[in-house]
Amino acid sequence: MKIDLTNTTSSKINAALMDARRASGSTAAGMVLTLVIVTDEGSAYDALKAANDASREHPSRTLAVIKRAGRSPRARAETRLDAEILVGSDAGSGETVVLRMHGELASHAQSVVLPLLLPDAPVVVWWPDNAPLNPAQDPLGALAQRRITDAVTAESPVGQLAQRASGYTPGDTDLAWTRITGWRSMLAAALDQRDVAITAAVVEGESYNPSVELLGLWLHNRLRVPVERVVTGGPGITAVTLRTKDGDIVLDRPDGLLGTLSMPGAPDRMVALKRRDTAELIAEELRRLDPDDIYATAVRTPVDRLRERIAGVEHAGPGGTVEGHAAEHAVAEHPVGEQETPAATKKAAARRKSAQ
């Protein structure tokens with residue numbers, strides 16, 4: 001069932017939802033949460049499709065907030081709320097309301113969304129793209145117990161991780177973290193089978209992929225070993241190597257479909273590591289609404305803790321060469337006054353010349 005409401009209000013939308021529920025023969029809501037999607041017209045279709053698929057596991061009321069402030073002064077002055085209500089098979093296992101906010105109303109989306117939230121049910125806000133710098137301080141994000149972003153949609157995905165770290169609030173999460181659940185599970189299971197000391201780790205994956213960085217930071221935090229990040233052609237994460245004195249533990253997935261787990265003294269095993277679609281990722285995030293402390297620890301770790309290698313050229317973190325990294329260690333081992341770096345020597349010569 002589909003109902004279109006033009007120039008409407010939140011109370012009229014609630015009344016229409018109740019009428020649609022009665023018409024379908026169900027007076028009870030039967031939904032476990034409210035999912036608020038903040039998106040634009042270009043991304044609305046894919047986001048709603050993913051939410052509808054996820055609702056089969058988590059029946060929910062989905063509110064899609066589409067802000068259309070307008071480009072001209074006349075359009076911005078026209079304050080109007082249009083709604084599209086979907087109930088039944090068109091809305092998965094819940095209810096879907098598409099809210100198009102015109103003019104100044106777009107700046108006060110929370111006043112429209114608040115009356116439409118399910119009573120006594122958790123609220124989750126998802127930004128498929130263009131997430132705010134600090135989701136918890138966003139007016140819509142402040143209504144939620146869980147806030148979902150996706151760093152991969154940003155212009156600088158890896159740089160977005162630093163922003164997520166600086167603005168982190170318990171309840172925040174990112175789909176870049178959700179994408180590595182399978183990898184973390186497989187690696188943890190492999191280490192449960194062999195009680196060996198890990199001396200180093202290598203994470204291989206495509207460039208500008210925040211999931212690769214987060215997996216490396218997670219390994220660095222949990223194993224307390226140096227982690228090298230190797231750039232490959234992808235897709236996504238292609239391999240993880242854990243170095244031990246008995247040999248390497250390798251989880252390799254070159255095609256994005258099937259992985260191979262290799263361990264010293266054991267035959268290779270094929271493992272399922274298919275790259276999941278957005279609906280599966282959202283469904284996983286909706287299974288838990290408590291703060292993810294492991295994600296918080298990983299995202300707060302500076303990315304420059306990883307050593308990067310691209311096409312045979314090593315880097316000590318993004319933008320830093322191995323030579324520069326070695327120079328930093330030299331300065332740390334030989335404080336100023338015991339050993340001068342070339343840069344310090346040049347500065348001293350310049351000062352002497354100016355004094356003359």
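The following dialogue explains how to read several features of this predicted model.

Colleague: Which conventions apply to the model and its numbering?

Modeller: The model is predicted, so local features need pLDDT of at least 70 and side-chain atom pairs count only at pLDDT 80 or more, while totals for chains, interfaces and linings use all residues. Residues are numbered from 1 along each chain as its sequence is written, and side-chain values use heavy atoms, with hydrogens and water left out.

Colleague: How many helices and strands does the protein have?

Modeller: Helices (H or I, at least four residues) and strands (E, at least two) are DSSP runs, numbered from the N terminus. Here the protein has 12 helices and 16 strands.

Colleague: What share of the residues is buried?

Modeller: Buried means under 20% relative accessible area, exposed over 50%, and partly exposed in between, with a 1.4 Å probe and protein chains only. Of the 356 residues in the protein, 47% are buried.

Colleague: Is Thr-8 buried or exposed, and which residues does Thr-8 touch?

Modeller: A contact means heavy atoms within 4.5 Å. Thr-8 lies in the loop between β1 (2–5) and α1 (10–23). Thr-8 is buried, its relative accessible area being 8%. Leaving aside residues up to four places away in sequence, Thr-8 touches Ile-13, Leu-81 and Ala-83.

Colleague: How many aromatic pairs does the structure hold?

Modeller: Rings of Phe, Tyr and Trp (its six-membered ring) pair if their centres lie within 6.5 Å; planes under 30 degrees apart count as stacked, over 60 as edge-to-face and the rest as tilted. The structure holds two such pairs. One of them joins Trp-177 and Tyr-295 and is tilted, at 5.7 Å centre to centre and 55° between the planes. This pair links distant parts of the chain, with Trp-177 in helix α6 (residues 175–178) and Tyr-295 in helix α10 (residues 293–299), 118 residues apart. Trp-177 is buried, at 2% relative accessible area, and Tyr-295 also counts as buried, at 2% relative accessibility. Ring pairs link Tyr-168, Trp-177 and Tyr-295 into a cluster.

Colleague: Which residues line the largest cavity?

Modeller: On a 1 Å grid over the protein atoms alone, a cavity is a set of points where a 1.4 Å probe fits but cannot get out; lining residues have an atom within 4 Å of a point. The lining of the largest cavity comprises Pro-135, Arg-147, Thr-149, Arg-164, Gly-167, Asp-172, Thr-173 and Tyr-295. The elements giving two or more residues to this lining are β7 (146–149) and β8 (172–174).

Terms used. On a 1 Å grid over the protein atoms alone, a cavity is a set of points where a 1.4 Å probe fits but cannot get out, and a pocket is an open set with protein on both sides within 12 Å along at least five of seven lines; lining residues have an atom within 4 Å of a point.
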